[in-house]
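Keep the sequence and the 3D view open as you read.

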Amino acid sequence: MTTIKLYNTRTRSKEVFTPIDPDNVRMYVCGPTVYDRAHLGNARPVLVFDVLNRLLRHVYGDDHVTYVRNFTDVDDKINATALARKEAGAEGTLEELVQQRSDETIDWYHQDMDALGALRPDQEPRATDFIPQMISMIEGLIAMDHAYEAEGHVLFAVESYAEYGKLSGRTVDDMIAGARVEVAPYKRNPMDFVLWKPSSDDLPGWDSPWGRGRPGWHIECSAMSFELLGESFDIHGGGNDLMFPHHENEIAQSRCAHPSGDFAKVWMHNEMLQVEGKKMSKSLGNFFTVRDLLDQGIPGEVIRFVMLSTHYRKPMDWTAEKTSDAKATLSKWRALTKDAVAGEVPEALLAAVADDLNTAGAIAELHRLASNQEAPALKAGAGMLGLLGQDLGGWVAIQESHDDKIIALMLARRDARQSKDFAEADRIRDILRSAGVKPMDTHAGNMAWEKTADFDPKKLEAL
Ligand code: AMP
Ligand code: ZN
């Protein structure tokens, strides 16, 4: 069986992965807050953990993996949109308008992530469907003196959990010094965080032993992962911006509420997608959405390829150059594998993916297979990364149906040149030129062309 090694943030080392139960390997990934379109940074964890999901399924079997990713649908920004719509005269109660906003955002999320070839997780729980479970977890924490009620709030007492801060390697004092903690008179320690808070009458709320209110963000993941995966599961993932406080707080809540469990054994964190050295984020305003790119005619498969070209534990930038290189590579590989039937997943490629998701190494291996014209292996290996599949094949048809024809001509021209039949190569070049396609000579094996202003797809079709 393939040995999988994963970098565990908790132990700060790359470890051999041994599932608790190989018949049911369990993974939880923190999902989006569904108030708006996902930006490109949000797609990074989706794609990273999609590759891990595919790898686990490959190794342990499709029916032996449970992948859960939540939707956070309790949020001020969702409420704000609903409220604005209500004020603008929209029909329905505030609760209905909140639900409508979450529903439409979840639909967008599905469309956008499907377009990137990400498999849907086995379960996608919504926080609002698990409020009673959150309430009962909070009650348990209060009963065990890990939490206390104060002025309609319930707070987790960080001093009641000796290991608080261990994941991110901080002490409570460091955290107080470094964090923007909300100072509130009713907190025993400034780091104590909210498990439950009151809701005003004009906002969604649920009845609880502490009055009408709503859960804090962190308790959502603790309650949903416990309900769906149990008190000990294998992998917990998310972006490294969530390590503190979100994951630290999840650990404290879950370990204290279920002391006999381990919560998550392996913690994995992807690095950030950046724009000019800064994390892409809604709050900095330096973002564009996945939908923006798709609407610009950049195929989802190209976005996926660019994203997987950098190791998940390294920061990465999005550039136009990476996009056009990826497009050229994928066009070439699609042409090469057009009639190929996928073979076995090549060992070297599998070893790269299993080595802490070395997707960049796996892509290097795909380049090698492509230059050796090993189409069945290329197809199988690409499939392991979610590339060159039927589901994503649509981009050739939707985006540029004529590329197929261009690629075929480019390949024929390359073959002619390789066999030194320069008359034939020139003839093909002239055909391309007459349709407004300018072949460009790049280094060996790398096909590139430019469509000039005279590009006439009809001419190409007629050829
Ligand atoms: P959010 O909706 O902000 O909680 O984010 C959803 C997921 O996207 C989380 O796993 C975040 O860590 C991740 N994320 C947010 N911004 C970025 C970014 N710029 N690069 C990579 N991952 C990100
Ligand atoms: Zn979470």
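Q: Is Asn 53 buried or exposed?
A: The model is predicted, so local features need pLDDT of at least 70 and side-chain atom pairs count only at 80 or more, while totals for chains, interfaces and linings use all residues. Residues are numbered from 1 along each chain, chains are lettered from A and ligands numbered from 1 in the order written, and side-chain values use heavy atoms, without hydrogens and water. Buried means under 20% relative accessible area, exposed over 50% and partly exposed in between, with a 1.4 Å probe and protein chains only. Asn 53 has 1% relative accessibility, so Asn 53 is buried.

Q: Which residue's side chain makes a polar contact with the side chain of Asn 53?
A: A polar contact is a pair of N or O atoms within 3.5 Å; within protein, one must be able to donate a hydrogen and the other to accept it, and residues adjacent in sequence count only if both atoms are side-chain atoms. Asn 53 sits in helix H1. Its side chain has such a contact at 2.8 Å, and the partner is Arg 57.

Q: Which residues does Asn 53 contact, leaving aside neighbours within four places in sequence?
A: Contact means heavy atoms within 4.5 Å. With the neighbours set aside, the partners of Asn 53 are Met 27, Val 65, Tyr 67 and Leu 119.

Q: How many helices and strands does the protein have?
A: Helices (H or I, at least four residues) and strands (E, at least two) are DSSP runs, numbered from the N terminus. Counted this way, the protein has 17 helices and 15 strands.

Q: What share of the residues in the protein is buried?
A: The C-alpha trace spans about 85 × 55 × 40 Å along its principal axes. The protein has 463 residues, and the buried share is 53%.

Q: What span is expected for helix H3 at 1.5 Å a residue?
A: The expected span is 1.5 Å times one less than the number of residues. H3 covers residues 94-115, which is 22 residues. From first C-alpha to last it reaches 32 Å, close to the expected 32 Å.

Q: What covers the buried residues of H3?
A: The buried residues of H3 include Leu 94, Leu 97, Val 98 and Tyr 109. The cover over them includes helix H1 (40-60), strand S4 (65-69), helix H2 (76-87) and helix H8 (290-295).

Q: Which residue in S13 stands opposite Leu 273?
A: Strand S11 (residues 273-275) and S13 pair in the parallel sense over two bridges. Opposite Leu 273 stands Met 316.

Q: How many residues surround ligand 1?
A: A residue is near a molecule or strand if one of its heavy atoms lies within 4 Å of it. The closest to ligand 1 are Gly 41, Gly 239, Asp 241, Leu 273 and Met 280. A backbone N or O atom of Met 280 lies 2.9 Å from a nitrogen atom of the ligand. The number of surrounding residues is 18.

Q: Which side chains make polar contacts with the side chain of His 246?
A: His 246 is found in helix H7 (residues 243-257). It is buried, because its relative accessible area is 1%. One polar contact of 2.9 Å joins its side chain to that of His 218. Another, of 2.7 Å, goes to Glu 250.

Q: How many disulfides does the structure hold?
A: A disulfide is a pair of cysteine sulfur atoms within 2.5 Å. His 246 touches Cys 30 and Cys 221, among others. Cys 30 is buried at 9% relative accessibility, and Cys 221 is buried at 1%. The number of disulfides is zero.

Q: What is the omega of the cis peptide bond that joins Phe 244 and Pro 245?
A: Most peptide bonds are trans. Pro 245 lies in helix H7. The bond from Phe 244 to Pro 245 is cis, with omega about 0°.

Technical notes. Two strands pair if DSSP finds at least two bridges between them.
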